[in-house]
Amino acid sequence: MGSEIWIVALLLSQALILPIAQAAEPHTERISGSAGDVLEDDPVGRLKVFVYNLPRKYNKKMVDKDSRCLTHMFATEIFMHRFLLSSAVRTLDPEEADWFYTPVYTTCDLTPGGHPLPFKSPRIMRSAIQYVAMNWPYWNRTDGADHFFVTPHDFGACFHYQEETAIQRGILHLLKRATLVQTFGQRNHVCLKEGSITVPPYAPPQKMQAHLVSPSTPRSIFVYFRGLFYDVNNDPEGGYYARGARASVWENFKSNPLFDISTDHPPTYYEDMQRSVFCLCPLGWAPWSPRLVEAVVFGCIPVIIADDIVLPFADAIPWEEIAVFVAEKDVPSLDTILTSIPAEVILRKQRLLANPSMKQAMLFPQPAQAGDAFHQILNGLARKLPHDKSVYLKPGEKVLNWTAGPIGDLKPW
Amino acid sequence: MLSLVSISLHTFSCLLSLYLGFRFSRLFSFSPPTSSSHLNNFPPLPLSYSPPKPLINPLTSPPRPRPISGRHVISIRPWAHPNPTETLQAHRILSAVQSEQRRRHISPRLPSPPRKFLIVTPTYSRTFQAVYLSSLAHSLLILPYPVTWIVVEPRGSRNDTSAILARFPRLHVLRLSYPGSMPNTWAQRSRVESRMRLMALREIRDQQLDGIIVFADESNVHTMELFDEAQMVNWIASASVGILAHTGILEKDIEESESTNKQSSSLGFPVIGPACNSSGHFVGWRALDTSNYTGKIANFVGEEGLVVPNQFEWAGFVMNSRLVWEKAEGRPDWVRAFSVGGSVADETEIENPLDLVKDVSFVEPLGRCGKKVLLWWVRTEARLDSKFPTRWIIDKPLQITVPAKQTPWPELPPEIVIPTNPTPTRQSLTDKQHSKTGRSSRPRHRSRGKRKRESHMNSS
């Protein structure tokens with residue numbers, strides 16, 4: 001009885017001390033997510049991760065074959081592996097691990113142009129899972145429910161770049177119970193599993209930091225965007241790419257002096273974003289884009305034009321208060337929407353963006369720093385603990401069907 | 001029955017693909033051959049395919065339920081142009097954002113309350129005076145500091161300057177009249193301008209005006225940063241000045257001068273101003289090497305050629321007004337007493353602000369120790385014989401109009417066949433022809449007449 005009262009008193013005192021200890025800075029605002037100030041949580045001590053030792057052909061050999069995998073926007077999978085190998089949450093004893101990580105790089109098979117081909121990815125993933133299931137007992141113990149995988153490609157574990165084909169394929173059957181860490185997130189979509197952790201795409205942090213300008217440079221551009229509006233190579237008729245939203249932006253606002261939008265590749269791209277108030281982040285072939293990361297790092301308010309999108313770390317970052325969401329059907333009245341936002345709301349959004357923990361949470365720096373995206377992923381995994389009892393299968397029980405899926409996936413790799 | 005349906009579906013899609021031709025095949029060319037090809041080699045049709053709709057649909061068409069993936073309508077509003085009220089609101093947002101930026105990043109460094117500025121500008125009546133004086137006036141209006149503008153002009157320029165300054169009632173202007181006129185050569189002009197500035201300094205001394213003196217020449221371009229930095233002046237400071245000596249001369253002359261011009265900094269133009277060493281101490285001045293310019297320098301104002309500044313220009317110097325007062329508390333002894341009375345003998349001593357101090361090393365460098373160029377020195381003038389309307393206003397209709405040599409409409413031959421009895425159905429067409437011929441023939445006749453008259457005038 002006495003010890004219980006003592007524990008309750010300890011918890012109460014902690015709850016009182018923590019807000020006092022964190023003083024608010026004068027020109028930034030602290031981000032209070034739905035679960036409290038979770039961006040600053042430290043995952044060390046809250047979970048343990050065991051990293052499987054897979055043969056080189058699943059990871060290192062792929063990077064050696066094409067080192068462009070280290071700089072493109074899907075490099076998350078490689079850097080997550082490197083981070084976990086030297087992290088304090090890593091444990092070499094699988095019996096005490098809460099989560100198991102399989103380091104398989106499924107997005108490293110690149111075309112000469114640098115685009116990842118997803119055609120072998122399902123087979124690579126299957127082969128990796130088979131290896132893990134044969135050499136360690138932990139996969140069969142839960143059928144993968146306490147395992148997590150990083151699948152940063154366009155539509156995550158559906159392993160295709162075309163949305164219709166991805167929907168037809170669905171998420172790889174063997175990953176049915178695992179947790180997926182992916183860039184793609186869209187509500188009510190086949191390729192977004194319940195309980196997935198949405199992460200930002202990889203953007204090189206040093207490159208962005210090298211282009212910082214003084215914060216007293218006046219923001220004189222109202223709306224900024226650089227990128228394609230029509231994809232004439234893959235969508236010659238138009239209407240498919242970006243669900244017509246980007247083309248609509250161009251046709252409605254190409255002659256509007258407030259909108260600095262074009263398909264240029266200027267060398268001052270990062271500097272220009274720091275001189276803008278709003279940065280458009282419309283969907284492309286997939287709803288997410290690295291522009292969100294760039295906008296957050298450079299303090300430009302992101303204007304998200306992607307219906308039903310799930311933004312990174314949505315349970316920790318209150319995106320509604322930071323970004324502006326515009327429905328795709330409302331794109332023709334984008335100028336009315338943006339100019340009708342009161343100035344105080346805009347200043348508040350800029351203060352929230354100026355918070356360094358917000359910028360840090362979007363980046364994957366090497367070596368890892370406190371509060372960065374790696375730590376937010378671990379925080380997300382820690383929030384899912386402890387595992388539900390149903391995770392552990394009874395002896396003899398089998399949930400996964402190892403022969404499900406398209407026949408092409410079953411070919412060994 | 002089912003096979004018939006499938007055959008007809010296949011023929012329909014075959015014909016459709018023929019109709020679309022190349023584009024249809026391109027659309028599916030990059031989709032990989034599916035391993036489950038129980039179909040024949042015919043490219044598979046997505047089930048949600050619908051015949052091609054018009055690409056651009058105005059919003060007036062009735063809304064249809066949008067499919068999740070597939071072809072979408074690119075919606076464009078009927079009047080896809082900016083709304084002026086919204087544009088104004090956007091500018092209000094921008095100014096709110098920028099004043100917040102200023103408040104957060106610049107204002108903490110500046111003294112509060114802000115110090116007053118005394119801007120000294122010599123001017124005189126000529127073609128470009130209106131351009132330069134009004135642009136400097138606009139710059140001073142934007143400044144978030146209290147400003148007293150001291151404008152010095154020779155006696156004959158009063159009316160022109162008054163007309164320009166009348167458009168800026170919100171500026172506090174102190175006008176001084178200099179006894180003398182502005183000469184025609186650049187060297188003499190700069191000497192007279194120095195004397196005009198000394199006249200302004202005398203006025204500041206006699207009236208004991210308090211503030212920071214900035215020597216702003218009307219043709220120069222000033223950055224707002226110069227004035228922010230000037231707020232922190234103790235006694236006398238200097239900023240780096242970018243010299244744009246090539247304004248007003250032709251492109252081809254610039255190229256040949258640039259190939260020989262080695263002395264310009266890595267920026268491509270010369271900079272004069274304070275120079276610091278790597279540890280941030282003020283060590284000397286960046287000087288202008290005029291050896292590359294010999295032979296191309298313009299002598300007369302408005303002549304084609306380079307206009308180069310003196311070794312030390314007044315522009316770029318910023319002083320505390322107490323430097324020139326008779327008595328000032330706390331004034332250091334390295335300041336020479338400003339005892340210029342008004343006679344010519346006194347005035348020839350002081351040619352640039354550095355003559356006001358005994359020890360040059362006390363000058364404070366502005367703009368990150370002289371690394372930032374805070375103003376641009378430009379001197380471009382029209383030819384001495386160029387004419388301009390008084391106050392740059394043409395309010396009476398012109399008495400003589402001479403059309404340009406190239407008219408936008410084609411020149412018609414003098415003999416045109418104009419139908420006399422136009423039929424009713426072709427009334428509008430021929431009326432147009434009439435008016436066209438009328439328009440084109442009238443000025444031609446007049447021009448011929450005018451040209452004759454003009455040639456008469458020129459010869460007489």
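1. Chain B: burial and fold. In this predicted model, 39% of the 460 residues of chain B count as buried. Chain B holds 11 helices and 14 strands.

2. A loop residue in chain B. Tyr293(B) sits in the loop that runs between strand 11 (282-286) and strand 12 (317-320) of chain B. Is Tyr293(B) buried or exposed? Its relative accessible area is 2%, and the cut-off for buried is under 20%, so Tyr293(B) is buried. Leu366(B) is 73 residues away from Tyr293(B) in sequence, and the two C-alpha atoms are 28 Å apart in space.

3. Extent of the interface. The size of an interface is often given as the accessible area lost when the parts come together. For chain A and chain B, the area buried between them is about 4000 Å². Carbon and sulfur atoms carry 60% of that area. Chain A brings 52 residues to the contact, and chain B brings 36 residues.

4. Polar links across the interface. Between chain A and chain B, 13 residue pairs are in polar contact, counting pairs with both residues at pLDDT 80 or more. The salt-bridge count across this interface is 1. It joins the side chains of Asp335(A) and Arg77(B), with 3.1 Å from N to O.

5. The chain A side. Several elements of chain A each give at least two residues to the side that touches chain B: helix 6 (163-169), strand 6 (221-226), helix 8 (245-253), helix 12 (334-339) and helix 13 (343-354). By residue class, this side of chain A has 22 nonpolar, 20 polar and 10 charged residues.

6. The annotated domain. An unreviewed UniProt entry carries the annotation "domain: Exostosin GT47" for residues 46-341 of chain A. Over residues 46-341, chain A is 27% helix and 14% strand.

7. Helix 3 of chain A. Why is helix 3 (residues 76-85) of chain A described as largely enclosed by the rest of the structure? The description holds because 8 of its 10 residues are buried. These are Thr76(A), Glu77(A), Ile78(A), Phe79(A), Met80(A), His81(A), Phe83(A) and Leu84(A). The cover over the buried residues of helix 3 includes strand 1 (49-51), helix 2 (60-65), strand 2 (99-101), strand 3 (147-150) and helix 15 (373-383) of chain A.

Methods:
Residues are numbered from 1 along each chain as its sequence is written. Chains are lettered from A and ligands numbered from 1 in the order in which they are written. This is a predicted model: local features need pLDDT of at least 70, side-chain atom pairs count only at pLDDT 80 or more; totals for chains, interfaces and linings use all residues. Side-chain values use heavy atoms; hydrogens and water are left out. Contact means heavy atoms within 4.5 Å. Buried area is the accessible area (1.4 Å probe) that two parts lose on being put together, summed over both. A salt bridge is a side-chain nitrogen of Lys or Arg within 4 Å of a carboxyl oxygen of Asp or Glu. A polar contact is a pair of N or O atoms within 3.5 Å; within protein, one must be able to donate a hydrogen and the other to accept it, and residues adjacent in sequence count only if both atoms are side-chain atoms. Helices (H or I, at least four residues) and strands (E, at least two) are DSSP runs, numbered from the N terminus. Ala, Val, Leu, Ile, Met, Phe, Trp, Tyr, Cys and Pro count as nonpolar, Asp, Glu, Lys and Arg as charged, and the others, Gly among them, as polar. UniProt positions are given in the numbering used here, feature names are shortened, and annotations may be inferred rather than shown by experiment. Buried means under 20% relative accessible area, exposed over 50%, partly exposed in between (1.4 Å probe, protein chains only).
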